[in-house]
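Trainee: Could you take me slowly through one part of this model, in enough detail that I can follow each step with the structure in view?

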Amino acid sequence: MIQNNSQVSVRIVMAITTVGMFLFASTSTTRFVRAFTSLTSTSRNHAGYGYRTFSSAHSKHPFSVNASSSNRSAISDQDHEEDVDTESSAVESPSSIRRYVVIHKNKQSMAFRNGSPMVYSGSVKKTIQMGINEDEDADDSIISMGSLVAVVVDSEAVKSRGGGGRGNNRKRRGGRGGRGKEKETKIDYNHYLVDKLDGDGDGCAFEYDRDGEFQQEIEDISAIEGSLAKGKLIGFGLFNPISMYRAFIICHQSNYPALFKEVNSIFKSTDCSNREKTENVIELVMKTKINDAIRSRIFMDLPSPRTDSYRLINGEGDGLAGLVVDILGGKVAVIMASAGWVEIYKETIMKVLAEVLESHSGLQGLDLVWRNTPMRLRQDGYELPEIDTENIEIDPRAPDVVILTENKIKYNAYPYDLSSQKTGFYCDQRENRFNLALQCKDKNVLDLCCYTGGVALN
């Protein structure tokens, strides 16, 4: 009897060993280790407020044995602009991961369905990630800030919900129901992490709330895939899980149909990492939009003998929300960042801007100066790293004055002095200064808080 039990034990050990060898052969080493340690693993919270521990109370974790596979794939989009195809390439690599933001089809979302770049939080129905990240430090329970996403309009039309969806805790007063009463904006969407086990549609999904807390496992993923297949792909953007604008659409089908096709091709590619894929998209989009901005300024006779300072890129007005570029004195290009994605991809933006400016006569040889607005970045959910004020390197050009000209009037600006919040000149007020001067002719006018005298000198 003892001998039989021993034989059974040996067989069990051999069986476990065989399964372990199979798992090791069919997955990466990291994936194998994570499969057996997943139920006690931790995942970082998206806002950096702490750690969330997954325990065995969850029936399965995205990194459990039941969810691992050597044949993982992601939903791809059809070559035409509107629909989303569910055929997959079954490639297991970080580059096969694709992320989607599905928005409600209602009056509330009509503006950005028709070309507006900002997707309000209240219009989001759900977010979806196809494929699991192989990076141990990655948190797949949410879509992280600056991630490239495809924006899909849900196929089912719904009635608009109240509130406008302008932020997690935003409240507004008044309205029907009593003067002075507060109404809280409702933001209610979940995130779905889909792990396809093979190319035949099998797989499972893990549902999280918008804060990244685990909700449940979903064994049938057909409904999730169906929502993408039936939806309409309208553009590609950069996600922000904290801002009241959940996504900024950098390329919209209705505004840039040719560019849309190129971005779609990069989005579906699997020959580079997700970071590289996003940088390639940003580089392609920025080259197009910066060139468009330059052409539009030339049409407005900028620069000219009368004016050598102007706003080259005006955020949303030029399709690049959170990014402003001012040309000062024909010598300096001041870049101002007020959105998280701009800081995240600072190097890519600097590189593209330098290349495009050098390709245009009159914009060559400009100094590039990077500035940011910490308060606006914090509102966007992005925290700048702490600066060591004692060992900070001061730009030797900080005290240098740049003399600029606007409507034949000369001003002093200090673009190199990063200790001040502004450069000393507001390029976006050119027309206001000129028009005010016409109205003030032969009048006595008091210019309070004149700063560098932009109005008074006119």
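Predicted model: local features only at pLDDT ≥ 70, side-chain atom pairs only at ≥ 80, totals over all residues.

Mentor: The structure holds seven aromatic pairs, and one of them is formed by Phe236 and Phe267, whose ring centres lie 5.1 Å from each other while their planes make an angle of 50°, which makes the pair tilted. Phe236 belongs to strand S14 (residues 232–239) and Phe267 to helix H5 (residues 257–268), so this pair ties together parts that are 31 residues apart in sequence. Phe236 counts as buried because its relative accessibility is 0%, and Phe267, at 2% relative accessibility, counts as buried too. These two rings also belong to one aromatic cluster, in which Tyr100 and Phe260 take part as well.

Let us now turn to the serine. Ser227 is found in helix H4 (residues 222–230), and with a relative accessible area of 8% it is buried, because anything under 20% is counted that way. Its side chain reaches the backbone oxygen of Ile224 at 2.6 Å, and a polar contact of 3.1 Å joins the side chain of Ser227 to that of Lys126.

How values were computed:
Residues numbered from 1 in each chain as written. Heavy atoms only, no water. Phe/Tyr/Trp six-rings, centres within 6.5 Å; stacked < 30°, edge-to-face > 60°. Helix = DSSP H or I, 4+ residues; strand = E, 2+ residues; numbered from the N terminus. Buried < 20%, exposed > 50% of the residue type's maximum accessible area, 1.4 Å probe, protein only. Polar contact = N/O pair within 3.5 Å; in protein donor to acceptor, adjacent residues only side chain to side chain.
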